[in-house]
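Hello,

Here is the structure I promised to send over. Please look through it first, then read my notes below.

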Amino acid sequence: MPLLRPLPFPRRARPAWFALSAVGVATLLVAGCAGTGQPKSAGHTPIASAPARLWPDRPPAPAPPPDKSGQDKPSPLPGLPHVPSGDIRTLDALDVIKAQNAEDARQQTPAFDKATERRIDRCATEPKRCPVRAPEYQDLTHDGKDELIVGIEQSDHTVAIWAYMIRGGVVNRILDTAGSPLSVEVSDGDVIMREPTTSPGYEMRTVHSWDDEQQTMEIRTMEFDRAVSSPAPRRKP
């Protein structure tokens, strides 16, 4: 007797509305994918152009003569003991300043008026009237040794800022500048001074950096900058 095969179970026919709905959903999905994550035009981009040189037919101005008023090389300072260790902290900062004043007098280039010089000479006996700020020590030359930084307040309230290093056991001045600083700071060996300007909301920012070729601190940046300094405390009379 032949075996009877089971009849296949008949598949239920899907209604027409189901097929139409599936097509509609697929269409929406495709439309949704196409509408997300695609770049959109931001409009026309301006075409970059080369700078337009004004008055190209005019010759450039002649170069100014070299500035002889600034410091362009280290200045050995006589009148101080030899320091074979290279540690400038072994010297008294006030002795360094007095030696500098004496050298400036010999060169007939005094940095201060007579009143300020007298106050410097009396710092030991009249410390409250001493115009010399506390000495600071920072590595300005990136050689792993600290340099000496001194600030001397003058009668007109400007501040002379000097920095010294020891080279071959001899004290050398590597920074000679002055200003009316709102703040002075050292960042990665740079001496940064901020001064007030006549433009509200702006300060003058001057950065002195070590120049390995010149072996001095040279001006790297001088610019107007947004005011960030806190007002300096009032100086006591």
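A term first: helices here are DSSP runs of H or I with at least four residues, numbered from the N terminus. Please also keep in mind that this is a predicted model.

On that numbering, helix H2 covers 93–106. H2 has 14 residues. From its first C-alpha to its last it reaches 20 Å, close to the 20 Å expected at 1.5 Å a residue.

Both ends deserve a look. Asp92 caps the N-terminal end of H2. One of its side-chain oxygens lies 2.7 Å from the backbone nitrogen of Leu94. After H2 comes Gln108, with a positive phi near 55 degrees.

Which residues of H2 are buried? They are Ala93, Leu94, Val96, Ile97, Ala99, Gln100, Asn101, Glu103 and Asp104. These pack against helix H3 (114–121), S3, S4 and strand S5 (170–179).

Now the cores. The largest nonpolar core holds 23 residues. Leu148, Val150, Ile152, Trp162 and Tyr164 touch the most other members. H2, strand S3 (147–153) and strand S4 (159–167) each supply at least two residues. H2 gives the most, with five.

Beyond its neighbours within four places in sequence, Ile152 contacts Ile97, Phe112, Thr116, Ile120, Pro131, Val132, Thr158, Val159, Ala160 and Trp162.

There is also a second, separate core of twelve residues. Among them are Ile161, Met165, Met193 and Trp210.

Best wishes

Definitions and conventions
Residues numbered from 1 in each chain as written. Predicted model: local features only at pLDDT ≥ 70, side-chain atom pairs only at ≥ 80, totals over all residues. Heavy atoms only, no water. Core = buried A, V, L, I, M, F, W, Y, C linked by side-chain atoms within 4.5 Å. Buried < 20%, exposed > 50% of the residue type's maximum accessible area, 1.4 Å probe, protein only. Contact = heavy atoms within 4.5 Å. Expected span 1.5 Å × (residues − 1). Polar contact = N/O pair within 3.5 Å; in protein donor to acceptor, adjacent residues only side chain to side chain.
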